[in-house]
Amino acid sequence: MRERLQHYIDGKWVDSEGGARREVINPATEEACAVITVGTKADVDKAVAAARRAFKTYSQTTRAERLALLERIVEEYKKRAQDLAQSMAEEMGAPLSFALTAQVGAGIGGFISTIQALKDFEFMEDGPGYKVAYEPIGVVGMITPWNWPLNQIALKVAPALAAGDTMVLKPSEECPTNAAIFAEILDAAGVPPGVFNLVQGDGPTTGNAISSHPDVEMVSFTGSTRAGIQVAIAAAPTVKRVHQELGGKSPNLVLPDADLATQLPAVAMGPLINTGQSCISPTKVLVAKDREAEVVGFYKQMYAATPVGDPMAEGNHLGPVVNKAQYEKVKDLIQSAIDEGATLETGGPDLPPGVNRGYYIQPTVFSNVTPDMRIAQEEIFGPVATILTYDSLEDGIELANATEYGLSAAITGDPAKAAAVAGKLRAGMVAINNWGPSPGAPFGGYKQSGNGREGGLAGLKDFMEMKAISGLPA
């Protein structure tokens with residue numbers, strides 16, 4: 001069992017001040033595979049103080065110096081790809097092949113998009129009679145999730161480094177080892193002491209200490225809407241910037257004349273990828289009534305043919321969901337759909353055939369789903385697709401928007417026709433004949449899916465302050 005009992009503070013690995021041990025459970029075996037120390041308020045205080053000291057000098061670095069640092073990080077990151085993939089396979093159940101390509105690759109992508117944004121970034125813009133300066137915001141607290149751990153770490157750390165900020169990161173306690181390896185990568189790349197600090201821990205103790213800390217100027221959080229509300233409440237008394245990417249309930253609006261064979265496969269795969277544990281997973285499939293049978297048959301065939309297996313084995317299969325609580329939640333939602341009268345086309349709440357342990361969910365498809373059912377309203381975070389019908393395209397658009405979330409939406413169909421629909425969907429991201437945004441595109445949502453954006457130029461600006469300067473000499 002791996003031991004990652006220390007925190008990375010001020011360029012050194014240090015013992016916790018009074019933190020308790022916490023075991024990390026392998027979701028495939030239901031046995032402990034690692035142990036961390038839950039960071040205390042004293043640990044966070046120490047990390048914030050180190051970041052505050054480092055800000056004085058790091059905030060004054062040049063664009064060229066920051067670009068060189070980011071590029072060194074990418075090179076060191078590549079050297080640890082296998083270690084990162086192994087840790088995620090064991091701790092969150094991402095199959096090795098998927099962890100090495102998609103999970104590890106997503107982290108690199110976050111740095112590459114930031115490097116491109118920084119190369120062209122205008123730190124000073126001219127206005128009529130004034131200038132606008134973009135400056136580092138200060139110490140940034142970062143709280144990241146377990147589902148795409150390296151992606152979310154990179155989308156916060158990379159723009160913070162590019163902006164000239166310093167930071168304290170608390171990764172998810174469900175999947176912490178990749179973050180410890182990430183700290184080693186930054187150390188090897190020569191990130192100055194105190195610029196990046198890692199405090200392992202949980203939300204109520206460590207996360208709350210970061211969110212409420214008076215010397216943290218910004219807290220960037222990715223996770224559930226419920227937890228995001230608590231972060232905002234903790235941050236409110238110090239009036240710090242709260243930057244959030246929260247839950248989603250993404251529709252896949254299938255246009256009435258969509259070519260299913262060529263336009264649906266990439267979108268239909270969305271709820272399967274990462275075992276459905278993606279905030280932008282297009283689980284709410286909306287289809288014209290006269291094409292329901294075709295779409296149901298398509299999803300049923302794809303999902304029934306998708307294998308589930310050991311994440312430590314190579315291959316194109318799904319692993320388990322991350323932990324027992326998530327497993328029970330997804331099972332409960334599946335059972336609720338059955339109880340409320342939806343038609344189970346494939347899958348269901350039982351373990352897959354031949355599996356007797358682990359938090360595995362069968363790829364599941366429901367038809368005859370109505371908008372009032374729990375499974376049509378709540379974020380599933382499992383490999384489940386629910387198919388609803390609409391009478392007219394306008395009805396379909398209304399169904400797509402009938403949610404408290406607004407993170408993303410997918411449209412399946414002719415791109416020209418989809419372009420006319422995209423503006424009517426109340427979501428921060430719309431993907432046509434796919435389920436995810438292009439690299440470097442602004443990532444974030446409307447409504448209770450959060451505020452602020454990550455990735456590329458928009459992400460870089462969100463980690464900076466804006467200063468208006470008037471009365472300058474001509």
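Phe111 is buried, with a relative accessible area of 1%; here buried means under 20% relative accessible area, exposed over 50% and partly exposed in between, using a 1.4 Å probe and protein chains only. That residue is a handy starting point for a tour of this predicted model, in which local features need pLDDT of at least 70, side-chain atom pairs count only at pLDDT 80 or more, and totals for chains, interfaces and linings use all residues. Residues are numbered from 1 along each chain as its sequence is written, and side-chain values use heavy atoms, with hydrogens and water left out. Helices (H or I, at least four residues) and strands (E, at least two) are DSSP runs, numbered from the N terminus.

**The annotated span**

- UniProt, in an unreviewed entry, lists residues 13–469 as "domain: Aldehyde dehydrogenase"; its positions are given in the numbering used here, feature names are shortened, and annotations may be inferred rather than shown by experiment.
- In the model, residues 13–469 are 40% helix and 21% strand, and the end C-alpha atoms of this span lie 42 Å apart.

**Aromatic rings**

- Searching the whole structure turns up ten aromatic pairs; rings of Phe, Tyr and Trp (its six-membered ring) pair if their centres lie within 6.5 Å, and planes under 30 degrees apart count as stacked, over 60 as edge-to-face and the rest as tilted.
- The pair formed by Phe111 and Phe182 is tilted, because the ring centres are 6.2 Å apart and the planes stand at 40°.
- Phe111 belongs to helix 4 (residues 96–120) and Phe182 to helix 6 (residues 177–188), so this pair ties together parts that are 71 residues apart in sequence.
- Phe182 is buried too, with a relative accessible area of 1%.
- Ring pairs also link Phe111 and Phe182 into a cluster with Tyr8, Trp13 and Phe196.

- Strand 8 (residues 139–143) is largely enclosed by the rest of the structure, because five of its five residues are buried.
- Both faces of strand 8 are covered: one side carries the buried residues Val139, Gly141 and Ile143, and the other carries the buried residues Val140 and Met142.
- Strand 8 runs parallel to strand 9 (residues 166–170), and five bridges join the two; strands count as paired if DSSP finds at least two bridges between them.
- Val139 has Thr166 as its bridge partner in strand 9.
- Strand 8, helix 5 (residues 149–163) and strand 9 build a right-handed β-α-β unit; a crossover is right-handed if, with the strands pointing away from the viewer, the path from the first strand over the helix to the second runs clockwise.
- Strand 8 also pairs with strand 11 (residues 218–222), in the parallel sense over four bridges, and Phe221 of strand 11 is the bridge partner of Ile143.

- Seven strands make an open sheet with mixed pairing, in the order 15-16-17-14-13-19-20.
- The edges are strand 15 (343–346) and strand 20 (429–432), each of which pairs on one side only.
- From one strand to the next, the twist averages 25°; axes are lines fitted to C-alpha atoms, for helices over the stretch in contact, and angles run from 0 to 180 degrees between N-to-C directions.
- Strand 13 (residues 251–254) and strand 19 (residues 408–412) are parallel partners over three bridges, with Ile411 of strand 19 as the bridge partner of Leu253.

- Another open sheet has three strands in the order 1-5-4, with mixed pairing.
- Its edge strands are strand 1 (2–4) and strand 4 (21–26), each pairing on one side only.
- Strand 4 and strand 5 (residues 31–37) pair in the antiparallel sense over six bridges; among the residues involved, Ile25 has Ala32 as its bridge partner in strand 5, and Asn26 has Glu31.

**Two serines**

- Ser336 sits in helix 12 (residues 324–339) and is buried, with a relative accessible area of 8%.
- A polar atom of the Ser336 side chain lies 2.7 Å from the backbone oxygen of Leu333.
- Ser470 is part of strand 23 (residues 464–470) and counts as exposed, at 58% relative accessibility.
- Back to the opening residue: the C-alpha atoms of Ser470 and Phe111 are separated by 34 Å, and these residues are 359 apart along the chain.

Key:
Polar contact = N/O pair within 3.5 Å; in protein donor to acceptor, adjacent residues only side chain to side chain.
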